[in-house]
Each structure stands twice: as structure tokens, then as C-alpha cells.
Amino acid sequence: MKYNKLLKTILTVLVLVGTCTASYAAIATDAKLQYNKGIDYYQLGQFEESASCFKKAIELDPNYIDAYYNLGSILEYLKQDEAALAVFKQIILRKPDDYEAVYKAALLSKKVGEYDKAKMYLTLIPTNTMIGQRAKQLADSMNTDIPTAKAEQSQPKTFSDANPKNNSDGVYSDITSPTGVVTDNSGNLYIAGFSDNTIYKIGSDNKKIVYIKSEKIDGPIGLAIDKNGNIYIANYNKDNILKVDRNGLITELISNIQKPYCMHITDDLLFISSQGSNSVIRYKLSK
């Protein structure tokens, strides 16, 4: 079993928790130290010691998802299937849309003879995730026709395999409740995450980062961008439009728009659809 297939490296953790899970800075310092010790022990092949460090990290921070994942992976490698299953269940409780953990729970449930539970976990994995094809294969191995990953559909590519600039098919995954999308003149893609109040940025290298996350953002839906690179956000739950300049400064551009939804810019005019008032607002942008 290769290291890069089992454990998330420290660099990977910094990226993942900055974009998909809790803030890395929010994890207790002592927990991070135990986590890093677990990485070191694993690299030395001292798996029991590594597992012990991940357990301590979890005790110090019960929501440390990456520590759970690495602990479960080591226990699975050591063929402690029931213990590994219990760990992956803890991930699912805390992050139900972690489909890798859901798949692991299904696989381990099968290994320990709990076929009904394995099938139940498989039904939780949607078709548009990268894990979907593996879930289908696991379902097939149990001779079940449950609608896992919708067997009749083929697995989509990710943009690590397909370049959107070449009009290739692909999927940007792990974006919570995506709504509005917009691109700038450099080809960067911006995506509004409605339920986590986040604007994500995906650059030409196809790497995703959190671009904007602020208390001012509440239910972002429509996005628009002007020729100067300023981004406008239809802030649905706060009934306003936010402007984000190229330096990341957020200001309220327009207030008292009832449930703003879609937006469009032409020349120096910003058009906003208002669901709450059944109207479209025209706003002149300053040059």
C-alpha cells in the first residue's frame, strides 16, 4: 500500500480543509501536533504508533475529519475491519457528503458480512461523484440492483483529465450547493456556494480555493463580473447586492432588493432579477 494512496499529506490537508472541510486554523494546536506525528510514524512504517497518534488527535479535536480518515485507513490496512468501520461511521455522522467515507463504510460492511448495511451506504452515493463508479462495481459484486451511481450512466471525467478551455467534458466536484458561475478575462472560474456562503475560485490549473468567505455573504446565488474584474453577488438571504473588488474588498452596492437572483452586465448596466418583487432592476455602474 503506497503512502499517497493511504494518507493525506500535510500539504494536502492544508488544501482540503481550506476548501472543503473545517478551517485548518480552527483545529486545536495539540491535535495538529498529534496528527503530524501520526504522519511521521506512518512514513517510518510504524503503523500502530501512527494509529495511536491519530486517535489522540481525535480525542483532542472530535471533529478532526482527516485524522478519522487516516485512522480508519490504517485500521483497514491492518485488517481490523470492524474498528475501521466504526471510524468511518464517525466521519459520516460529521460530514454526510464525504462519499469516500461512505464508500469505505459500504466496503467494510461487506467485509464483516453486513450486506444490508453495505447496500444502504451505497444508496447514499450520488451519480455525479467520482466515487460513483466504484460504488456501482461494489454493488455489482453483491449481485444487487440497487440504484447505486445509476449503473446506466458512465462515470464523468474530472477536469484533472479534461481541460475546460478545450471544451472537454468534466466535473468540478465537492462544491456545496453551487449556484451562480462566472469567469474573468484570465479564464478563472468563480462559483457561489449557497449553503456555505462561500465564493470559490478555480484557476487555469483547475485547483479550487476559497476566494471569499465573509459574514456579509448570506445565500449567494447570481454572480456577475465587469470588465475591471469586480465581482457582484446576488445576496439572496440579505436582500442586497455585494461588490467585491479585485483586492477582495466587499461593499454593499445595492440594498433592499427583494430576493435577488440572476444578474447580467452589459456595458455599464447591471441587471438584477428580483424574485420577491417579480421584477428586474437596472442599475448603472460607475465607470
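The model is a predicted one, in which local features need pLDDT of at least 70 and side-chain atom pairs count only at pLDDT 80 or more, while totals for chains, interfaces and linings use all residues. Residues are numbered from 1 along each chain as its sequence is written, and side-chain values use heavy atoms, with hydrogens and water left out. Strands (E, at least two residues) and helices (H or I, at least four) are DSSP runs numbered from the N terminus, and two strands count as paired if DSSP finds at least two bridges between them.

**The sheet**

- An open sheet is built from 4 strands in the order β1-β2-β3-β4, with antiparallel pairing.
- The edges belong to β1 (178–183) and β4 (208–213); each has a single partner strand, so one side of each is left without a neighbour in the sheet.
- On average, neighbouring strands are turned by 25° against each other, direction ignored; the axes behind such angles are lines fitted to C-alpha atoms, and angles run from 0 to 180 degrees between N-to-C directions.

**Strand by strand**

- β1 pairs with β2 (residues 189–193) over 4 antiparallel bridges, and Val181 has Ile191 in β2 as its bridge partner.
- β2 and β3 are joined in the antiparallel sense by 5 bridges; their hairpin has 4 residues between the strands, and Asn197 there takes a positive phi near 50°.
- β3 (residues 198–202) is mostly covered, with 4 of its 5 residues buried (under 20% relative accessible area with a 1.4 Å probe, protein chains only; exposed is over 50% and partly exposed lies in between).
- β3 and β4 also pair in the antiparallel sense, over 5 bridges, and Ile202 stands opposite Lys208 in β4.
- The hairpin of β3 and β4 has 5 residues between the strands, and Asn206 in the turn has a positive phi of about 65°.

**The nonpolar cores**

- A nonpolar core is a set of buried Ala, Val, Leu, Ile, Met, Phe, Trp, Tyr and Cys residues joined through side-chain atoms within 4.5 Å.
- The largest core has 39 residues, and those touching the most other members are Tyr35, Leu71, Ile91, Tyr103, Leu122, Ile125 and Leu138.
- Among the elements giving two or more residues to this core are α3 (29–43), α6 (81–94) and α9 (132–141).
- Leaving aside residues up to four places away in sequence, Tyr103 touches Ile125, Ile131, Arg134, Ala135 and Leu138, where contact means heavy atoms within 4.5 Å.
- A second, separate core has 13 residues, including Ala192, Ile217, Ile225 and Val244.
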